Amino acid sequence: MSEPTRPTIPAARPPSLVSGGEPHHASVTPVGGVAEVHEQQPLVGQDLRTEELVFNMGPQHPATHGVLRVVIKSDGEFVQGLQPHIGNLHRCCEKIGESVPYYQWIPYVDRMDYLAAMCNEHIACMAVEKAAGIEVPERAEYCRVIVAEVQRILSHLFAMGVYGLDLGAFTPFLHQFREREKGLDLLDHISGGRLLYHYVRIGGVKRDFTQEWLDELEAFLAAVEQRLPEYNTLLLSNHIFQQRTAGVGVIDRSACVRWGVTGPALRAAGVDFDVRRDAPYGVYDRFEFAVPHGHSGIAGVVGDCFQRHWVRTQEVEQSLRIVRQALKQMPQGPVMGKVPKSLKPVAGEVYVRGENPRGELAVYMVTQGEDKAWRARCRGPSFSNIAVITETAKGTLLADLVAAIGSLDIVLGEVDR
Amino acid sequence: MSTTPSPAGTPAPAALVDPVTERAHALLAARLPGVVQAQELGGRHPWIRVSVTGLRDALRLLRDDPSTQLECCHLISGVDWPARKPGDKAELEVVYHLVSYALPYDAAYKARRGPQAKNDPWVAIKVRVPREAPEVPSVMDLFTGADWHERETYDLLGVRFTGRGFVPRILLPEDWPGYPLRKDWETPTDYHGIPIVPPEGL
């Protein structure tokens, strides 16, 4: 975003409009009572009556990224305290998980974090596979990594663009959505759905990649790689963006750990941890990639809005690296393993963690030898990530609250499940 | 996957003892005698069951001790276990998954991980309470993030968390009847005159 050109405001009314044609110098000079007014300090408590105001932000507020209602107690422009209210988008994902067979639950998982459906499917399928002892063909594991990383790129493009929009920068949003549309088309061509795919299935993936699709993927990767510095110029090196985010909404390591904040927000607080590297699932242990985390060498403070945004920009680059490596390493073979028609895992439990674009998605599944799960518990990363806002936003400006909520990049579908 | 698969449905071999759970179990047994009630240290989902009265002490010890450093309460889940045959105890189970970001993970253990093995530094702590009077002490002051998880567990399963005052519902409306994730829950026919018709099969 370029610096807006300021319209030149005439310093005084044109002489022709002033009565008598004489410039009125006297009216400009502070005379009489003006100086006295300045001496009547402080105004607060005497002339102006202040009171705390309790009001709702949301559930239809654009900056809350969904149907989040935040009740704010404010004193002027400052937030005294706030309480998020969730549940407007509760769709009983866990109850449905106990009510339908395993195969039928996977499409519901897509709807939790609808901006990262591929990643959700990946982790939910892993939980069922682990419970039932199903082996996934190697090629399918690579297919899963590729689509999950493409999804991560798309999700981060969305997060970064919309964050700019939250802070008043319209241009990056439109630019990033151009690339995001290409990526959505890409996933559409492999799965048949634009946002909700059901491409990752229990035991593998639905379809193998075709050569045309791989060419399309290559073009998409090249486009993102080429455009990424441009986006960073638009936001990261933008003076206004830096002023709005640097030092704002600081969530340090201690707060992250106490509240269970994960993902880019945890890494921005300087924690060098990524499930894909530190507790690898699928074939993530076969790739070389860096885990960007917040540090003092860049603008802002460790754990502030700026560094959270910075972590996302860096993660897009790492995702590009992972997809390229996966494409090189990918073996030939089937993409669907042997899966029984009626899936009845023996009694037991599994706990599967995975790195979603927004943080750690975990599925705790209790099985009882039936075709349905006894308990299908999901840990949505946004659920824990948004809870921290009650602590972070205390005492900040209202405008900074919007910056802080936006930088956490929550998806309400996942908060409410 | 590179390792040989186990036949469908069989749990992982018990020989794969999870080092973090093993350490946590040894610590609890040494420092809080009588608190651990049952445990499973190996397999794909190792866990330790503690008494309800010792829960807070156990979680605080695991959080603060330098050998475990399980500083983050990742997830609190409730599981309903109604009596399914005569003589069974009707119970509610609350499972705490604790995670460490500080503890360097055992490289040797990581190396022998297989598709069935647990390979990340978390520990599952369980408590069981009777279904008629499910009261569990709150751990909100130990792990701030437990607040919403406890509210959700109360909301959906009716576990009462004591020691933290009034626990409001979080996902459902305040006047919602009953706890939907209990196994004997029946969908009401209407809510304030709005008909609720569950689709076929649900």
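Start by selecting A:Asp409, which sits in the loop joining helix 16 (398–408) to helix 17 (412–416) of chain A. Keep in mind as you look around that this is a predicted model. The phi of A:Asp409 is near 55°, a positive value in a residue other than glycine. Most residues other than glycine have a negative phi. Is A:Asp409 buried or exposed? A:Asp409 is buried, with 28 other C-beta atoms within 10 Å.

Next, select A:Cys92, in the loop between strand 3 (78–85) and helix 3 (93–99) of chain A. A:Cys92 is not a glycine either, and its phi is also positive, near 60°. This residue counts as partly exposed, because it has 18 C-beta neighbours inside 10 Å, and a residue needs 20 or more to be buried.

Now show the whole of chain A. You can look for 17 helices and eight strands. Of its 417 residues, 49% are buried. Among contacts in chain A with a separation of 6 or more, 71% join residues 24 or more positions apart.

Then move to chain B and select helix 4, residues 146–157. From first C-alpha to last, its 12 residues reach 16 Å, close to the 16 Å expected at 1.5 Å a residue. Color the buried residues of this helix: 12 of the 12 are buried, so helix 4 of chain B is largely enclosed by the rest of the structure. Among them are B:Trp148, B:His149 and B:Tyr154.

What do these buried residues pack against? Bring up helix 14 (381–387) of chain A, along with strand 3 (72–81), strand 4 (91–99) and strand 7 (160–162) of chain B.

Definitions and conventions. Residues are numbered from 1 along each chain as its sequence is written. Chains are lettered from A and ligands numbered from 1 in the order in which they are written. This is a predicted model: local features need pLDDT of at least 70, side-chain atom pairs count only at pLDDT 80 or more; totals for chains, interfaces and linings use all residues. Helices (H or I, at least four residues) and strands (E, at least two) are DSSP runs, numbered from the N terminus. Two residues are in contact if their C-beta atoms, placed from the backbone, lie within 7 Å. The expected span of a helix is 1.5 Å times one less than its number of residues.
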